[in-house]
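The sequence and the structure come first, and the description follows.

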Amino acid sequence: MSDVTYIDAIHAALDESMDQDSSVFLYGQDIGKFGGAFKATKGLLEKYPGRVLDAPISEDAMAGVAIGAAIEGARPVLEMQFADFSSVAFNQIINQAATHYYRTGVPVPLTMRLPSGGTPGSGPFHSQSMESIYAHYPGLVVVTPATVADAYSMLLDSIKLDDPVIYCEHKFLYRWLKSKDLAGDHLPIGQARITRPGKHATVVTYSAMVHEAVRAAEMLQKDGGWEIEVVDLRSVKPLDTDTIIASVARTGRLLALGEAFPWGGVTAEVVSRVCADGFHLLDAPPVRLNAKDTPIPYHPKLWSSHRPTPESIAEELRKLLAY
Amino acid sequence: MDDNTKDLDQTSGREHVRRVFNAMLTARVLENKLGSLYKAGKIVGGVYLGKGQEAVSASMASCLEKGKDVYAPLIRDQAGRTAFGEELIDCTRTYLGSVNGPMRGRDGNIHRGRPAEGMLAMISHLGAAIPVVAGMLLAKRLKGELNGVVGATCVGDGCTSTGAFHEGLNTAAVEKLPLVLTVANNQYAYSTPNDRQFACENLVDKAIGYGVRGHSVDGTDMLACIEVMHEAVSRARAGDGPQLVVASMLRLTGHGEHDDGSYVDAALRSSGLGRDSIEIGIKQLVEGGFASIEEVEQWQDDAANRVQEAVAIAQKEDGPDPYKDDWMAYSNAEMQMQK
């Protein structure tokens with residue numbers, strides 16, 4: 001069997017979900033015959049006629065349609081062409097989908113796929129990471145798979161979940177990340193994973209940054225024999241504080257790492273929770289490393305310095321270890 | 001399929017007219033009571049009334065079938081809610097904060113609904129219900145249950161300026177969904193008059209741009225509203241796609257009970273738009289032989305009694321207890337973070 005990529009895993013999960021549950025349907029721009037901007041839905045219209053619907057360029061209405069369909073008992077999987085464009089649908093997602101169960105007792109089982117994160121040359125409006133924005137709102141589940149197996153199992157789980165899920169899939173991983181197959185440990189949504197065990201410092205991260213953190217950890221392993229623990233959050237809402245605190249208890253040092261903008265967000269949440277609940281476990285002030293506080297630049301030279309890299313992560317870790 | 005508007009003097013038409021007027025009258029009596037309760041400080045939060053829009057609201061909802069159709073009322077649709085079959089107690093419990101109401105104190109006033117029974121609970125963001133109704137209809141289509149079903153919602157003139165209105169109506173048109181979208185053109189969005197809201201001569205002209213059928217009606221004329229709504233709903237039901245109904249009238253109240261509406265143009269008040277659809281409705285009932293004035297008076301007494309009972313029950317009931325609320329924003333408890 002040839003290798004499966006991260007985007008293959010998403011495709012496989014959509015296919016399997018549609019096969020198993022006739023109430024699942026796909027809605028988004030260019031997803032029908034064209035198969036989607038990233039080909040996540042290629043061939044699914046032919047396989048499931050009438051259940052893969054091309055949408056007009058109306059993100060607000062697309063989200064509204066998905067919400068209505070979900071209230072009516074269908075399981076829509078909404079594809080935003082880029083996570084960035086979900087800003088147009090923001091009102092429907094945070095005010096309608098997120099509040100609906102609390103207000104009325106009727107759940108909204110929709111999944112919104114957000115092709116997220118930066119790739120070289122994509123610029124300010126095709127590179128954003130929106131997980132922190134959505135995680136802020138009660139009622140939304142926000143998942144950020146970093147591996148091929150998680151991309152697969154977490155999409156299956158997201159579609160089965162009765163609550164609205166914001167599924168943040170990282171575009172940089174689409175074709176680069178490969179695995180022998182789709183099998184994995186299939187942890188539930190809400191549980192983090194120790195991707196790489198260690199004892200000298202903990203990196204808490206998610207999505208594509210898991211791989212950059214592992215590279216940084218390998219660099220420090222070679223250069224000084226440091227053993228860095230990498231925690232993959234997998235879902236940022238709910239946040240698995242127990243696994244984070246347990247890791248910090250082992251290492252005494254925390255680096256919270258993310259690709260999103262630095263003000264607030266997932267890394268700030270991780271640090272604040274560790275400080276509040278595990279302050280006594282810390283041997284050094286916790287560190288955050290995020291993208292720079294500017295829009296995401298177009299040119300690859302600027303872009304690769306805008307986001308954390310294995311080098312910049314390793315540098316922060318060295319300072320943390322030296323404290 | 002032919003337009004199957006029934007002649008209003010047929011028996012079924014007669015019953016329909018009486019039912020519409022009863023909903024209008026009940027809404028007026030209820031809203032007068034809500035206004036009094038607000039002024040007496042008995043209601044926490046705002047009170048938003050539909051005075052002047054009863055004919056439009058009730059006539060649209062009266063053409064819907066609860067349990068089959070979808071209805072998304074907005075801020076001035078008490079008459080429509082009643083015509084659709086919402087119990088008065090749902091209204092009084094929500095306004096008075098009873099834990100037994102459909103929103104359990106988690107939301108209030110006009111933000112109430114029973115989505116499982118086809119009636120959505122509005123959010124404050126205008127136009128947001130349009131694509132949601134479209135989505136409910138789309139899901140029914142996917143289940144093979146759309147045949148003969150209609151989804152209806154009402155918005156105001158101000159809503160026509162929103163992106164949600166444009167995206168929602170366009171999407172419904174692309175999918176050829178049986179959506180009836182009524183614009184109650186009551187001349188003001190809060191305090192903003194129409195000349196600061198849109199520049200087109202007539203809102204119904206927008207229908208052409210969306211490729212949907214447009215209908216215009218004098219929103220103060222009860223019989224005309226019933227006829228036009230019946231036609232629009234019948235056409236949608238028969239597969240003619242979305243219908244845009246523009247009904248014109250004047251809002252005969254402030255935006256909410258906190259607002260005296262003193263900015264409303266006096267010339268509009270004395271114009272035909274400023275007529276009260278209830279008064280016209282009574283005239284039409286009597287002159288058309290739909291009901292006698294004695295019957296109308298009896299209906300008014302009955303409505304007053306039902307409203308009084310619904311208020312009395314809700315007033316006796318407990319409000320929500322913060323120590324008993326489960327504070328769950330997720331149906332799956334595993335997803336709920338405790339802090």
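## Overall build of chain A

How many helices and strands are there in chain A? Chain A holds eleven helices and 14 strands, where helices (H or I, at least four residues) and strands (E, at least two) are DSSP runs numbered from the N terminus. The model is predicted: local features need pLDDT of at least 70, side-chain atom pairs count only at pLDDT 80 or more, and totals for chains, interfaces and linings use all residues. Residues are numbered from 1 along each chain as its sequence is written, while chains are lettered from A and ligands numbered from 1 in the order in which they are written.

The C-alpha atoms of chain A fill a box of roughly 60 × 45 × 35 Å along the principal axes. Of its 323 residues, 57% count as buried, that is, with 20 or more other C-beta atoms, placed from the backbone, within 10 Å of their own.

## Contact between the chains

Chain A contributes 35 residues to the contact and chain B contributes 34 residues; two residues are in contact if their C-beta atoms, placed from the backbone, lie within 7 Å. On the side of chain A that touches chain B, the elements giving two or more residues are helix 3 (59-71) and helix 4 (90-104) of chain A. Helix 3 of chain A gives the most, with nine residues.

## A helix pair in chain B

Helix 5 (residues 129-142) and helix 6 (residues 163-174) of chain B pack at an angle of about 20°, with their axes 8 Å apart; axes are lines fitted to C-alpha atoms over the stretch in contact, and angles run from 0 to 180 degrees between N-to-C directions. The contact includes B:I130, B:P131 and B:A134 of helix 5 of chain B.

How values were computed: A residue is buried if 20 or more other C-beta atoms lie within 10 Å of its own, exposed if 12 or fewer, and partly exposed in between; C-beta atoms are placed from the backbone.
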